[in-house]
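Dear colleague,

I am handing over the structure below for your records. My notes on it follow directly after.

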Amino acid sequence: MKILITGANGFIGTELVKYLLKNTEHQLTLITRKQNNLDSINKKYIYLDLMNNIDWKLILKDIDVVIHLAASQHKNNKFDRDIYRKINFEVTKKLSESIINSNVKKFIHLITIKVIGEK
């Protein structure tokens, strides 16, 4: 199975990738902003910034499952509503719409509670 993971360098993504590489034979495509130190023949990296306009159609080609973990979180108590909206809503919406028009069989979206910020 070919699995695409966004946010592969994040808190959840790092552990998920380690688990999948150790316990499965799935081919992983990992979307990250920075290089990951995990080495394996069953993965490839796509380095990109989700703030940019992305052609998901090309990325989703031949993918069976998408696990969407990428999200913008607060940094040092700084809250930027525009970045939160862009990454956590608009990117997720565009990815979801692209999945509908692809051959992806499953879409899993997970986020941590802190991505919604604090009041």
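In which loop is Ile63 found? Before turning to that residue, please note that this is a predicted model. Ile63 is found in the loop that connects α2 (56-60) with β4 (65-68). Its relative accessibility is 6%, and because buried means under 20%, Ile63 counts as buried. Leaving aside neighbours within four places in sequence, the contacts of Ile63 are Lys2, Leu4, Thr29, Asn103 and Val104. Val104 is 41 residues from Ile63 along the chain, yet the C-alpha atoms of the two are separated by 5.8 Å.

Overall architecture

The protein chain has three helices and five strands. Read from the N terminus, these elements follow the pattern β-α-β-β-α-β-α-β. Of its 119 residues, 38% count as buried. The protein chain exposes about 8,200 Å², of which carbon and sulfur atoms supply 51%. Among the contacts with a separation of 6 or more, 61% are between residues 24 or more positions apart.

The sheet

The five strands form an open sheet with parallel pairing, in the order β3-β2-β1-β4-β5. Its edge strands are β3 (43-47) and β5 (106-109), each of which pairs on one side only. On average, neighbouring strands of this sheet are turned by 15° against each other, direction ignored.

Strand β2 (residues 27-32) is joined to β3 by five bridges, and the two run parallel. In this pairing, Leu30 stands opposite Tyr45 of β3. Strand β1 (residues 2-6) is likewise joined to β2 by five bridges, again in parallel. Here Lys2 stands opposite Gln27 of β2; Lys2 is also one of the residues in contact with Ile63. Strand β2 is largely enclosed by the rest of the structure, because five of its six residues are buried.

In soluble globular proteins, nonpolar side chains tend to be buried together. In this model, the largest nonpolar core has 17 residues, and those with the most contacts inside it are Leu4, Leu50, Trp56, Ile59, Leu60 and Val66. The largest share, four residues, comes from α3. Ile59 touches Leu4, Ile31, Ile46, Leu48 and Ile54, not counting residues up to four places away in sequence.

Thr24 has its place in the loop between α1 (11-23) and β2. Is Thr24 buried or exposed? At 18% relative accessibility, and with buried meaning under 20%, Thr24 counts as buried. A polar atom of the Thr24 side chain lies 2.5 Å from the backbone oxygen of Leu20. The side chain of Thr24 also reaches the backbone nitrogen of His26, at 3.5 Å.

With kind regards

How values were computed: Residues numbered from 1 in each chain as written. Predicted model: local features only at pLDDT ≥ 70, side-chain atom pairs only at ≥ 80, totals over all residues. Heavy atoms only, no water. Buried < 20%, exposed > 50% of the residue type's maximum accessible area, 1.4 Å probe, protein only. Contact = heavy atoms within 4.5 Å. Areas by Shrake-Rupley, 256 points an atom, 1.4 Å probe, with all protein chains shown as cover. Pairing = 2+ DSSP bridges. Axes fitted to C-alpha atoms, helices over the stretch in contact; angles between N-to-C directions. Polar contact = N/O pair within 3.5 Å; in protein donor to acceptor, adjacent residues only side chain to side chain. Core = buried A, V, L, I, M, F, W, Y, C linked by side-chain atoms within 4.5 Å.
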